[in-house]
Amino acid sequence: MRKLNFAGGEPFLYPKFLGEAVDFCKEVLCLESVSIVTNGSLVKETFLVKHGHNIDILAISCDSFNEATNLEIGRGSGDHVKMLYRIRDLCRKYGIKFKINTVVCKLNFQEDMNKYIEDLAPFRWKCFQVLLVSGENDSTETKRDARKFLITDEEFNLFCVVHRQQKSFVPESNTLMAKSYLILDEYMRFLDRDGRQPSAPILKVGVRRALDSVYWDEKSFVSRGGIYDWKRDQVACPGIHREVEW
């Protein structure tokens, strides 16, 4: 294992646990890269003072630079863009790579974001086509219902054409995204995107056996640019290396 990404939900709801996990990944497991995806609302400088040296990438979710659109999507409370600049500056201060994640949907696919992206200058701007996931966001019975936000492939391509000149721009269509991620849930089970049940917890059966029970499209992982320059400049790992089962 070379890279681990903490996402949610919102990882910063549990800053003590998150900090301990980040430090463990770097100082004991000696992973090449540790990243966090967050909405940014709970990111505090005190956390970065203590743990920032073990964070390679901090990715902030931002779906629009129009606050009215953010509110309609359900993002932030009217100051999301201002918060984005604050975290960009903190990343620069603590030597962390700053990344932006955007979900392209019915409410923002016609928005021209070039001016803000050029100004914020993220090292990587990942743009996902909004995706329906069975049992998670595909009905009125699930916690979220994303059906009203769906766009066609043509609409996603329109967004891509407008922004393709950005050096940091990394588009990710439904085809590339659906089965190219290895995701562990809060029970340490690999989630499956091929309609099957999650794996058994890796703490009980080990990583290899758990992986055998789910589908992961490695070719799509490579095609979507899953391997890139994900390390910050840092000294060699000071911890004791432990073999990680894979």
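Q: Where is Lys-99 found, and why is this residue called buried or exposed?
A: Lys-99 is found in strand E4 of what is a predicted model. Its relative accessible area is 10%, and buried means under 20%, so Lys-99 counts as buried.

Q: How far apart are Lys-99 and Leu-120 in sequence and in space?
A: Along the chain, 21 residues separate Lys-99 and Leu-120, and their C-alpha atoms lie 9.6 Å apart.

Q: What makes E4 and E5 a pair, and in which sense do they run?
A: The requirement is again at least two bridges, and E4 and E5 have 6, in the parallel sense. Val-104 has Gln-129 of E5 as its bridge partner.

Q: Which elements make a β-α-β unit, and of which hand?
A: E4, helix H5 (residues 114-120) and E5 make the unit, and it is right-handed.

Q: Why is the pair of Trp-125 and Phe-159 called edge-to-face?
A: Two values are needed, because a pair of aromatic rings is described by the distance of the centres and the angle of the planes. The ring centres of Trp-125 and Phe-159 are 6.0 Å apart, and the limit for a pair is within 6.5 Å. Their planes stand at 65 degrees, and over 60 counts as edge-to-face, so the label applies. Trp-125 belongs to strand E5 (residues 124-129) and Phe-159 to helix H6 (residues 153-163), so the pair ties together parts 34 residues apart in sequence.

Q: How many aromatic pairs does a search of the whole structure find?
A: The search finds 7. One of them joins Phe-12 and Phe-47, with centres 5.0 Å apart and 70 degrees between the planes, and is edge-to-face. Phe-12 sits in the loop between strand E1 (3-6) and helix H1 (15-27), whereas Phe-47 is in helix H2 (residues 45-51), 35 residues apart. Both Phe-12 and Phe-47 are buried.

Q: What is the charged end of Arg-124 doing over a ring, and which ring is it?
A: The charged end of Arg-124 sits over the ring of Tyr-228, 3.7 Å from the ring centre, and the distance limit is within 6 Å. Tyr-228 also forms one aromatic cluster with Phe-123 and Trp-230.

Q: What makes Lys-26 and Asp-56 a salt bridge?
A: The side chains of Lys-26 and Asp-56 meet at 2.9 Å, N to O, and the limit is within 4 Å, so the contact counts as a salt bridge. Lys-26 lies in helix H1 and Asp-56 in the loop between H2 and E3, so parts 30 residues apart in sequence are tied together. Lys-26 is buried, with a relative accessible area of 4%, and Asp-56 is buried at 0%.

Q: Why is Arg-2 called partly exposed?
A: Arg-2 has a relative accessible area of 44%. Buried is under 20% and exposed over 50%, so Arg-2 falls in between. Arg-2 forms a salt bridge with Glu-32, with the closest N and O atoms 3.1 Å apart. Glu-32, at 26% relative accessibility, also counts as partly exposed.

Q: How many disulfides does a search of the whole structure find?
A: The search finds 0. Cys-91 is buried at 1% relative accessibility, and Cys-105 is buried at 4%.

Definitions and conventions: Residues are numbered from 1 along each chain as its sequence is written. This is a predicted model: local features need pLDDT of at least 70, side-chain atom pairs count only at pLDDT 80 or more; totals for chains, interfaces and linings use all residues. Side-chain values use heavy atoms; hydrogens and water are left out. Rings of Phe, Tyr and Trp (its six-membered ring) pair if their centres lie within 6.5 Å; planes under 30 degrees apart count as stacked, over 60 as edge-to-face and the rest as tilted. Helices (H or I, at least four residues) and strands (E, at least two) are DSSP runs, numbered from the N terminus. Buried means under 20% relative accessible area, exposed over 50%, partly exposed in between (1.4 Å probe, protein chains only). A charge sits over a ring if NZ of Lys or CZ of Arg is within 6 Å of the ring centre and within 35 degrees of the ring normal. A crossover is right-handed if, with the strands pointing away from the viewer, the path from the first strand over the helix to the second runs clockwise. A disulfide is a pair of cysteine sulfur atoms within 2.5 Å.
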